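Please look through the model below before reading on. The text walks through its sheets, helices and selected side chains in turn.

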Amino acid sequence: MISPILGNIYLHYVLDLWFDRVVRKQCRGQAYIVRYADDFVCCFQYKDDAQAFYQALIQRLKIFNLEVAEDKTKIIPFGRFAERNCKSNGEGKPPTFDFLGFTHYCSKSQTGKFRVKIKSSSKKMRAKLKEWLKANRTTDIHEVKRRLDRSLVGYYNYYCVTDNIKHVNNFKDKVKVFLIKYQF
């Protein structure tokens, strides 16, 4: 159990303080970092600041024998002006990104102002459910139902946030169909 704690302390010095004391001061515009355990998202006002940070990050992590997960790392246009910039480049809607089980996307409020909205990352939940059911397929059916009910309560408590109720209800409907199909 101490490993996550040590990991957080380590990354606090390797990443968080470095970002605040060095990176942010070198940027032309605004720069922010949001980190939870070993997952983080950085936001930059200017693309060249993001690109410079990415190169510096690779070098910084190398010093501490760490590396960037390149399959999970990308620089994307995101924010208030992303849609306008993407349309002018012929790209359509701005890309989305997944963080902490949610897909984050650019949208507008009811009054037409820019807002970051979130929805459940469906591929992650579907994979977890499939894996869990596979691992428990020989377990007593009543025990599976009890554990599934408990897991679903946790899922609903975590994912029932503003803008995501529709996606949670959609997931609930899929679970109901699954339970009926397999006679739970």
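**Strands, helices and contacts**

Three strands make up an open sheet in the order 3-4-5, and their pairing is antiparallel. Strand 3 (97–99) and strand 5 (114–120) are the edge strands; each has a single partner strand, so one side of each has no neighbour in the sheet. Ignoring direction, neighbouring strands of this sheet are turned against each other by 40 degrees on average. The model is a predicted one, and the values given here should be read with that in mind.

Within this sheet, strand 3 pairs with strand 4 (residues 102–108) in the antiparallel sense, over three bridges. Which residue of strand 4 is the bridge partner of Phe-97? The partner is His-104.

Strand 1 (31–36) is joined by six bridges to strand 2 (residues 39–44), and the two run antiparallel. Tyr-36 stands opposite Asp-39 of strand 2. These strands form a hairpin with two residues between them, and in this hairpin Ala-37 adopts a positive phi near 55 degrees.

Arg-28 and Asp-48 form a salt bridge in which the closest N and O atoms are 3.1 Å apart. Arg-28 belongs to the loop between helix 1 and strand 1, while Asp-48 lies in helix 2 (residues 47–63), so this pair ties together parts that are 20 residues apart in sequence. The structure holds seven salt bridges, and the one between Asp-48 and Arg-28 is among them.

Helix 1 covers residues 2–26 and contains Leu-6. What kind of surface patch do Ile-5, Leu-6, Ile-9 and Tyr-13 form? The patch is nonpolar, and together the four named residues have about 430 Å² of accessible area.

Helix 4 spans residues 122–135 and helix 5 spans residues 141–159. Their axes come within 12 Å and cross at roughly 160 degrees. Angles over 145 degrees count as roughly antiparallel, which means that helix 4 is roughly antiparallel to helix 5. The crossing of helix 4 past helix 5 is right-handed.

Methods
Residues numbered from 1 in each chain as written. Predicted model: local features only at pLDDT ≥ 70, side-chain atom pairs only at ≥ 80, totals over all residues. Heavy atoms only, no water. Pairing = 2+ DSSP bridges. Helix = DSSP H or I, 4+ residues; strand = E, 2+ residues; numbered from the N terminus. Axes fitted to C-alpha atoms, helices over the stretch in contact; angles between N-to-C directions. Patch = residues over 30% accessible without salt bridge, like charges linked within 9 Å, V, L, I, M, F, W, Y side chains within 5 Å. Areas by Shrake-Rupley, 256 points an atom, 1.4 Å probe, with all protein chains shown as cover. Salt bridge = Lys/Arg side-chain N within 4 Å of Asp/Glu carboxyl O. Parallel < 35°, antiparallel > 145°, perpendicular 65-115°, else oblique. Left-handed = near helix turned anticlockwise from the far one by under 90°.
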